[in-house]
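My entries follow the order in which I looked things up.

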Amino acid sequence: MKSSDSLKAILNGMVDQLGMRKHPRLMVTRFCDGVGMSILGTILIHPKALSMPESVQRYVLAHELGHYRHRDSWNLFLSWFSLVVGSYVLWVIPETHAFSWLFMMVWEGVFVFGLGSYRNRQERRANQFAAELIGRGTVLDGIRAVAGYMWPGKPLSKARVTRIKEVGQM
Ligand SMILES: [Zn+2]
């Protein structure tokens, strides 16, 4: 397996450029849903990223650094947690409990839709952050290239096409 030193060097360069005092940890691991994830203080990168061209690696790292800077994993967890607590509180109020089946169906819709659109917002913001850091063209190429490396031969997912359109409009 190739070393992750080149990824570390790119990430350190970005951190210095931004004048960030705290460095995120970098971990290359297969335990990664997609090419990259940012969980609390750690950026996880899939080993497949080691064989990507440098400009694509720059996109992946800039995007994940965006999630890191916005504390997205923590905020997503808090949103999820408050929805769980909200569900419980509403469930134990007798008036809502009387309409429980209908109420819970509506609530489940709010829950799923709310978290989904919040995640989409985080993705948009991470790409916006990356575009400001490395340029919109590199981000656009990066989104397409990552799909080719991660899922070769497969058409671009709907979500990815949406991301490309969003970055195109930024
Ligand atoms: Zn992301």
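The entries below take the sheet and then the helices.

**Entry 1: the sheet.** I note at the outset that the model is predicted. I asked in what order the strands of the open sheet lie. I found three strands in the order β1-β3-β2, and their pairing is mixed. The edge strands are β1, residues 25-28, and β2, residues 36-39, each of which pairs on one side only. I recorded an average twist of 20° from one strand to the next.

Entry 2: I then looked up how β1 pairs with β3, which spans residues 42-45. The pairing runs in the parallel sense and involves four bridges. Across this pair, I located L26 opposite I43 of β3.

**Entry 3: a helix on the sheet.** I next asked which strands helix α2 touches. Helix α2, residues 54-69, packs on the sheet and touches β2 and β3. I noted an angle of about 20° between the direction of α2 and that of β2.

**Entry 4: the two helices.** I turned to α1, residues 5-18, and its relation to α2. The two axes come within 10 Å and cross at roughly 50°. Because of this angle, α1 is oblique to α2. I recorded the crossing as right-handed.

**Entry 5: residues at the contact.** I looked up which residues meet where α1 packs against α2. From α1 I listed L7, I10, L11 and M14; from α2, I listed Q57, R58, L61, A62 and L65. Sorted by class, this contact holds seven nonpolar residues, one polar and one charged.

Key:
Residues are numbered from 1 along each chain as its sequence is written. This is a predicted model: local features need pLDDT of at least 70, side-chain atom pairs count only at pLDDT 80 or more; totals for chains, interfaces and linings use all residues. Two strands pair if DSSP finds at least two bridges between them. Axes are lines fitted to C-alpha atoms, for helices over the stretch in contact, and angles run from 0 to 180 degrees between N-to-C directions. Two residues are in contact if their C-beta atoms, placed from the backbone, lie within 7 Å. Angles under 35 degrees count as roughly parallel, over 145 as roughly antiparallel, 65 to 115 as roughly perpendicular and the rest as oblique. A crossing is left-handed if the near helix is turned anticlockwise from the far one by less than a right angle, and right-handed if clockwise. Ala, Val, Leu, Ile, Met, Phe, Trp, Tyr, Cys and Pro count as nonpolar, Asp, Glu, Lys and Arg as charged, and the others, Gly among them, as polar.
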